[in-house]
Amino acid sequence: MKDGRALVLGSCGPGNGAYLAGVTATLCTKLGPDYFNGLYGSSVGVYPITFYASNQPETIKNTWLNLSPGFKLINPLNPLRGKKILDLQYMIDIFQNEKSRLDVKKVFDYKKVLVYTLTDHNSGSAVYVEPNQENIFKYMIASAALPFVHGPVEIDGQKYIYGGLADPLPVVKALNDGWKEIVVVWHRPQNAAVTKTSHLFWNIISRFLPPHLSKLLRTSWKKIETIEGLMETDSRITIICPQKELPIKFTLDNRRSRWIKAFNLGEEDALHFLKTI
């Protein structure tokens with residue numbers, strides 16, 4: 001068993017990612033970068049988990065509160081401009097300029113275990129990668145590449161897609177890696193029911209996927225329920241999650257005001273967690 005702590009983030013949709021960002025920025029500010037030794041992210045969770053690795057909590061906050069991308073990130077008219085409906089390259093561009101720069105050197109200076117979850121486009125199996133300075137942005141995009149609104153990402157001849165298909169919350173991976181304590185940040189309240197809107201969205205998207213990926217998507221909620229059940233019974237795991245449904249209305253909700261509310265709720269829940277430790 002590893003003598004240390006791991007932080008695990010997983011989420012569905014950029015708006016729900018604002019909640020993760022609020023939690024992560026607060027934990028990083030109050031606990032510092034060395035509190036967690038292992039950092040795991042899937043889907044939009046790879047963004048705040050990476051800024052935690054670089055010890056940039058204020059940059060996390062600035063990105064989600066002041067640069068909330070709204071229609072620049074999610075816009076059904078983007079294909080007319082030669083872009084994806086979910087324009088993840090827009091986020092990467094922000095992280096590479098002065099507005100919200102990710103200090104890539106610091107990410108790796110802190111010598112942490114940093115793991116992203118991806119889905120192999122050909123097999124549908126989960127792929128866990130530890131990025132380096134050369135490929136970190138490519139793997140970020142691949143993990144968050146939601147089917148239909150983005151499409152697969154090719155890296156070194158292999159195609160990857162949205163990590164949440166194969167593993168929406170890499171808790172089992174962290175457990176198997178042997179960490180002594182695991183803190184999980186999740187955007188769903190405990191025992192929350194799956195909304196009709198979510199079911200409809202995933203069912204629509206599944207029609208545009210190859211059969212093996214379509215099946216993964218249609219059964220993803222069962223996988224999520226299994227993971228949530230595990231988190232409630234394993235003594236090594238502590239969960240930070242909303243006490244009530246987030247203000248985010250649907251997976252691709254791009255309303256800035258709701259993102260800010262979700263971020264603020266994340267801050268509040270992180271502060272509540274900190275009182276318990």
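User: Why does Glu 228 count as buried?

Analyst: The relative accessibility of Glu 228 is 12%. Buried means under 20% relative accessible area, exposed means over 50%, and partly exposed is in between, with a 1.4 Å probe and protein chains only. Glu 228 therefore falls in the buried class. This is a predicted model, in which local features need pLDDT of at least 70 and side-chain atom pairs count only at pLDDT 80 or more, while totals for chains, interfaces and linings use all residues. Residues are numbered from 1 along each chain as its sequence is written, and side-chain values use heavy atoms, with hydrogens and water left out.

User: What makes Glu 228 and Arg 188 a salt bridge?

Analyst: The term requires a side-chain nitrogen of Lys or Arg within 4 Å of a carboxyl oxygen of Asp or Glu. For Glu 228 and Arg 188 the closest N and O atoms are 2.8 Å apart, and the pair is a salt bridge. Glu 228 sits in helix 10 (residues 220-233) and Arg 188 in the loop between strand 7 (179-186) and helix 8 (196-206), so the bridge ties together parts 40 residues apart in sequence. Helices here are DSSP runs of H or I with at least four residues, strands are runs of E with at least two, and both are numbered from the N terminus.

User: Is Arg 188 buried or exposed?

Analyst: Buried, because its relative accessible area is 7%.

User: How do you know that Asp 34 and Lys 112 form a salt bridge?

Analyst: Their closest N and O atoms are 3.9 Å apart, and the pair counts as a salt bridge. The two residues belong to distant parts of the chain, 78 residues apart: Asp 34 is in the loop between helix 1 (14-31) and strand 2 (38-42), and Lys 112 is in the loop between helix 5 (104-109) and strand 3 (113-120). Asp 34 has a relative accessible area of 54%, so it is exposed. Lys 112 has 14% relative accessibility, so it counts as buried.

User: Which class do Asp 234 and Arg 236 fall into?

Analyst: Asp 234 is at 16% relative accessibility and therefore counts as buried. Arg 236 has a relative accessible area of 27%, so it is partly exposed. Their side chains meet in a salt bridge of 3.1 Å, N to O. By the same rule the count comes to nine salt bridges.

User: What makes helix 6 mostly covered?

Analyst: Eight of the nine residues of helix 6 (residues 136-144) are buried. Among them are Phe 137, Tyr 139, Met 140 and Ile 141. Tyr 139 is 15 residues from Glu 154 in sequence and 9.6 Å from it in space, C-alpha to C-alpha. Glu 154 is in strand 5 (residues 153-155). With a relative accessible area of 51%, Glu 154 is exposed.

User: Why is Arg 258 called buried, and what does it touch?

Analyst: Arg 258 has 18% relative accessibility, so it counts as buried. It lies in helix 11 (residues 256-276). Contact means heavy atoms within 4.5 Å. Leaving out residues up to four places away in sequence, Arg 258 touches Pro 247, Ile 248, Lys 249 and Asp 253.

User: What stands out about phi of Asn 55 and of Lys 111?

Analyst: Most residues other than glycine have a negative phi. Phi of Asn 55 is near 60°, a positive value, and Lys 111 has a positive phi of about 55°. Asn 55 lies in the loop between helix 2 (46-53) and helix 3 (57-65); Lys 111 is in the loop between helix 5 and strand 3. Asn 55 is partly exposed, because its relative accessible area is 28%. Lys 111, at 72% relative accessibility, counts as exposed.

User: How do you know that the protein chain is as compact as a globular protein of its length?

Analyst: The chain has 11 helices and eight strands. Its radius of gyration is 17 Å, close to the 19 Å that the globule rule gives for 277 residues, so it is as compact as a globular protein of that length. The radius is taken over C-alpha atoms, and the rule is 2.2 Å times the number of residues to the power 0.38. Of the 277 residues, 60% count as buried. Among contacts between residues at least 6 apart in sequence, 75% join residues at least 24 apart.
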